[in-house]
Amino acid sequence: MRSAFYENKSLPAQLFFARSLSDAPHLHKEIEIVYVAEGETVAHADRNCEIIRKNSVFISFPNQIHFYESCHPGDYYVLIVRPELFFGLSATFRDYIPERNTVAEAQELLPYIHQAFSAEEEYRDTMIAGSLSMMMCRLLPRLSLRKKLETGNSTLHSILEYCEQNAAGPMELETVAEALHLSRFYVSRLLSRELCMGFSEYVGLLRVKRACDLLSDTDKKIADISEDAGFSTIRSFNRAFARHMNMTPIQYRKMLRDAQASELR
């Protein structure tokens, strides 16, 4: 579940507050930063795998495959920012990636996030850009960067984007390969190598993610959510949801509503 604090198409930044994090592998052209105020999760970026706990920060650079697993509900600040917001750093994000993607005991970064989240309407864009740029100047020296090697991420990005856009409907490996003019064996091998999972498992993850959003944002019946998320039967939906979320859809919705009720007290 996440709430958008600020989203402005004219400003290349999105700021969210989340109770949990996505376990579907993805990549994008933006920088993703997660500050853990409370909670614990396993964060993956490319082949790096690290536990992030309270007061830790996780960052993925543009086009790094990243996802989260074993995520305990908590308080996570999620920032998704285009590189050009950070003045003078575009070449850094273009040419380098971190050796490790996490920084522990990063409490000094939190005031900059709070400034960005609480910016007033007048000069708000400038305040957000300034606060996040100052935060990045504090964060980068604590990362060990290495020169980026060219990879097949452009093709992988196209595969993941196609899957995400079409996961709610019938989708087979052959369909994806044909749509992108690729060999089905190449698509399968690329997903297995880069995501460490098969095509069917990845699509199932995307559908569970979609179901979580619907459980959070709508009052739809569980059977309707199962169908809208792309599952062929309620049984396959319940099984996939329990495998990835360690609870039933009903329990997940109750957890969200209990958390919302607690915030209102």
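Q: Helices are here DSSP runs of H or I with at least four residues, numbered from the N terminus; with that in mind, which residue follows H8?
A: The model is a predicted one, and H8 covers residues 222-229. The residue that follows H8 has a positive phi, near 110°, and that residue is Gly230.

Q: On how wide an arc around the axis of H8 do its buried residues lie?
A: The buried residues in H8 are Ile222, Ile225, Ser226 and Ala229. They sit on the same side of H8, because the arc that they cover around the axis is only 105°.

Q: Is Glu50 buried or exposed?
A: Glu50 has its place in strand E4, which runs over residues 48-52. Once neighbours within four places in sequence are left aside, Glu50 is in contact with Thr41, Val42, Ala43, Arg100, Asn101 and Thr102. Its relative accessibility is 9%, and the cut-off for burial is under 20%, so Glu50 counts as buried.

Q: Which residue's side chain makes a polar contact with the side chain of Glu50?
A: Among the residues in contact with Glu50, beyond those within four places in sequence, are Arg100, Asn101 and Thr102. The polar contact between side chains is at 2.5 Å, and the partner of Glu50 in it is Thr102.

Q: How far apart are the end C-alpha atoms of H3?
A: Buried residues in H3 include Ile128, Leu132, Met136 and Leu139, and Met136 touches Ile31, Ile33, Ile59, Phe86, Leu89, Phe93 and Pro141 when residues up to four places away in sequence are not counted. H3 has 16 residues, which at 1.5 Å a residue should span 22 Å, and the distance between its end C-alpha atoms agrees with this, being 22 Å.

Q: Which residue forms a salt bridge with Lys209?
A: The structure holds 13 salt bridges, and in the one formed by Lys209 the closest N and O atoms are 4.0 Å apart, with Glu164 as the partner. The pair links distant parts of the chain, 45 residues apart, since Lys209 is in helix H7 (residues 199-217) and Glu164 in helix H4 (residues 153-166).

Q: Which two helices hold Glu174 and Arg184?
A: The side chains of Glu174 and Arg184 meet in a salt bridge at 3.0 Å, N to O. The pair ties together parts that are ten residues apart in sequence, because Glu174 and Arg184 lie, in that order, in helix H5 (residues 173-179) and helix H6 (residues 184-195).

Q: What relative accessibility does Asp219 have?
A: Asp219 forms a salt bridge with Arg257, their closest N and O atoms being 2.8 Å apart. Distant parts of the chain, 38 residues apart, are linked by this pair, with Asp219 in the loop between H7 and H8 and Arg257 in helix H10 (residues 249-264). Arg257 counts as partly exposed at 41% relative accessibility, whereas Asp219 counts as exposed, because its relative accessibility is 66%.

Terms used: Residues are numbered from 1 along each chain as its sequence is written. This is a predicted model: local features need pLDDT of at least 70, side-chain atom pairs count only at pLDDT 80 or more; totals for chains, interfaces and linings use all residues. Side-chain values use heavy atoms; hydrogens and water are left out. Buried means under 20% relative accessible area, exposed over 50%, partly exposed in between (1.4 Å probe, protein chains only). A polar contact is a pair of N or O atoms within 3.5 Å; within protein, one must be able to donate a hydrogen and the other to accept it, and residues adjacent in sequence count only if both atoms are side-chain atoms. Contact means heavy atoms within 4.5 Å. The expected span of a helix is 1.5 Å times one less than its number of residues. The arc is that of the directions from the helix axis to the C-beta atoms.
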